[in-house]
Number of protein chains: 2
Amino acid sequence: MIPNDMTIHIISDSIGQTALTVVNSATVQYPQIKFNIIVHNFVDNQEELLNILQKIRGENEVIIHTLAQNNLNQIVENYCKNNDITHLDFLHPLLSVIEEKTGQQASEVVGAKPVMDENYFERNSAMEFAVSYDDGQQTEGLAHADIILLGISRTSKTPLSIYLAYLNYKVANIPLYPEVQVPEEIFDIDPNKIIGLTTNLDALIKIRQERMKSYGMDPDSSYSSWTRIRAELEYAEKLYDQLGCLVIDVTHRSIEETASLILSHFK
Amino acid sequence: MIPNDMTIHIISDSIGQTALTVVNSATVQYPQIKFNIIVHNFVDNQEELLNILQKIRGENEVIIHTLAQNNLNQIVENYCKNNDITHLDFLHPLLSVIEEKTGQQASEVVGAKPVMDENYFERNSAMEFAVSYDDGQQTEGLAHADIILLGISRTSKTPLSIYLAYLNYKVANIPLYPEVQVPEEIFDIDPNKIIGLTTNLDALIKIRQERMKSYGMDPDSSYSSWTRIRAELEYAEKLYDQLGCLVIDVTHRSIEETASLILSHFK
């Protein structure tokens, strides 16, 4: 019988994030399979590598490796060949192409230093921007933002801002409360740069109740009440209408998905 | 003659971040080559895809694709075959392995919804944690942090916190000033959880002068003076000694590198 679960071992000489990103992109295509993803990171010597390999034997296991040192790669390949284990090298196919095209050799440096070019510094300053313009902390200089997110509490403004910052966009987010006037600056900004986040009433009630519980507070406070949240959502909708901005419903959407929708709108 | 520069086209039906991560990991191995990386994102129909492909002809160009739809993949493969262009599929080799092992079919959903599992929510709350514990804004609850970063101004505390949050760690960062007492809580925390960031005096002077210029202020203020910065660095070193924490010099290190060092220390 074909198993309906699968173990993916990621073996990396650094954090293992590169391989994990690809694995996540692939595994989401199979919601019916239970994946067990194990990251073995900072593996930079033969002994440690062999130790890990010797525990991998199963039918439904696969090895993904991103190892800069060729001798370590060779060990993985030999082990997999001798034990009939499927493996994929996520790094070397591209290295081979680069070498073939340019005649240059890879430096084989473990976790090679990323180039600290202009992009690199831009991304860092985008992150600093997102942090200082989080939750409406600052309104001065709001016009310098590439993207302004509006939303009531628990519409994923913060992680969304950070994720977009990681993709090099300067993002500000502003919380909406019916009782508080939004900063006047908002009305002078190009509405194409503004995104209004909204969500489903019932989903939001649950999320807020969970939040109250995690704070050790009464889950049925006004913060999580039906009438309160409906009033907040209505206030937000009215404001989005007035601004003429794009509105995105974040219910059941991951941060990556919402970010895709936003960037696709800018495209 | 073999060219010493190379263009990498990333064609994605979503943001293109997955492929870019792998490309970045590979290209850093060749500091001597000038890479031109072009991301064509949100490509989800034949017409747009053909438009992009028709402009790719060069000797030193290569195509990386991560397209969920099989028919779009087929178009790339045919075009590359007919025009003798090197291409790499970053997604389908893994999809094939999964299908072979489990007998399941990929959903072919463009930018398939990432599974919003426990990890997903943990990462979002790690990001929120990093933002609310940025720059010493909060000290209550500091003990809940997985990692506490200390450092004087411009030692990359904020982007580092965010990057580690993205890897699921709860990080707080606290700025150090000789005139301000660090929060008492620090001395009760396991020093293994604390990382002291330091940097080279000359490098820091330059960075701070740049910062002052970007604010339209005098670059030779006390903030960027030699005596001031030396005093700050000495104060930080003394504190790190007292705490007995790991010290990392961030000069010429990228965020990813420093993060690797930190995580490797925790391992």
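User: Where is the place of T199(B) in chain B?
Analyst: T199(B) is in the loop between β7 (194-198) and α7 (201-214) of chain B. Helices (H or I, at least four residues) and strands (E, at least two) are DSSP runs, numbered from the N terminus. This is a predicted model, where local features need pLDDT of at least 70 and side-chain atom pairs count only at pLDDT 80 or more, while totals for chains, interfaces and linings use all residues. Residues are numbered from 1 along each chain as its sequence is written, chains are lettered from A and ligands numbered from 1 in the order in which they are written, and side-chain values use heavy atoms, with hydrogens and water left out.

User: Thanks! Is T199(B) buried or exposed?
Analyst: T199(B) is buried, with a relative accessible area of 9%. Buried means under 20% relative accessible area, exposed over 50%, and partly exposed in between (1.4 Å probe, protein chains only).

User: And which residues is T199(B) in contact with?
Analyst: Leaving aside neighbours within four places in sequence, T199(B) is in contact (heavy atoms within 4.5 Å) with T155(B), L204(B), L233(B), D249(B), V250(B) and T251(B). With T251(B), the side chain of T199(B) also makes a polar contact of 3.1 Å. That term stands for a pair of N or O atoms within 3.5 Å; within protein, one must be able to donate a hydrogen and the other to accept it, and residues adjacent in sequence count only if both atoms are side-chain atoms.

User: Switching to helix α2 of chain B: which of its residues are buried?
Analyst: In α2 (residues 46-53), they are L49(B), I52(B) and L53(B). Seen down the axis of α2(B), they fall within an arc of 95°, so they line one face of the helix. The arc is that of the directions from the helix axis to the C-beta atoms.

User: What do those buried residues of α2(B) pack against?
Analyst: Their partners in chain B are β1 (5-12), β2 (34-40), β3 (61-66) and α3 (70-83).

User: Which residue caps the N-terminal end of α2(B)?
Analyst: That's N45(B), with a side-chain oxygen 3.3 Å from the backbone nitrogen of E47(B).

User: On to the two chains. What is the area buried between chain A and chain B?
Analyst: About 7300 Å², of which carbon and sulfur atoms give 66%. Buried area is the accessible area (1.4 Å probe) that two parts lose on being put together, summed over both. In chain A, Q29(A), L94(A) and K101(A) lose the most area to chain B, together 10% of what that side buries. The contact takes 79 residues from chain A and 79 residues from chain B.

User: How many salt bridges are there between chain A and chain B?
Analyst: The count is 4, taking a side-chain nitrogen of Lys or Arg within 4 Å of a carboxyl oxygen of Asp or Glu as a salt bridge. E256(A) and R123(B) meet in a salt bridge through their side chains (3.1 Å, N to O).

User: Last one: what is phi of D84(A) near?
Analyst: Phi of D84(A) is near 55°, a positive value in a residue other than glycine. D84(A) lies in the loop between α3 (70-83) and β4 of chain A and is exposed, at 71% relative accessible area. S156(B) also has a positive phi, near 60°. S156(B) is in the loop between β5 (147-151) and α6 (157-166) of chain B, and is partly exposed at 21%.
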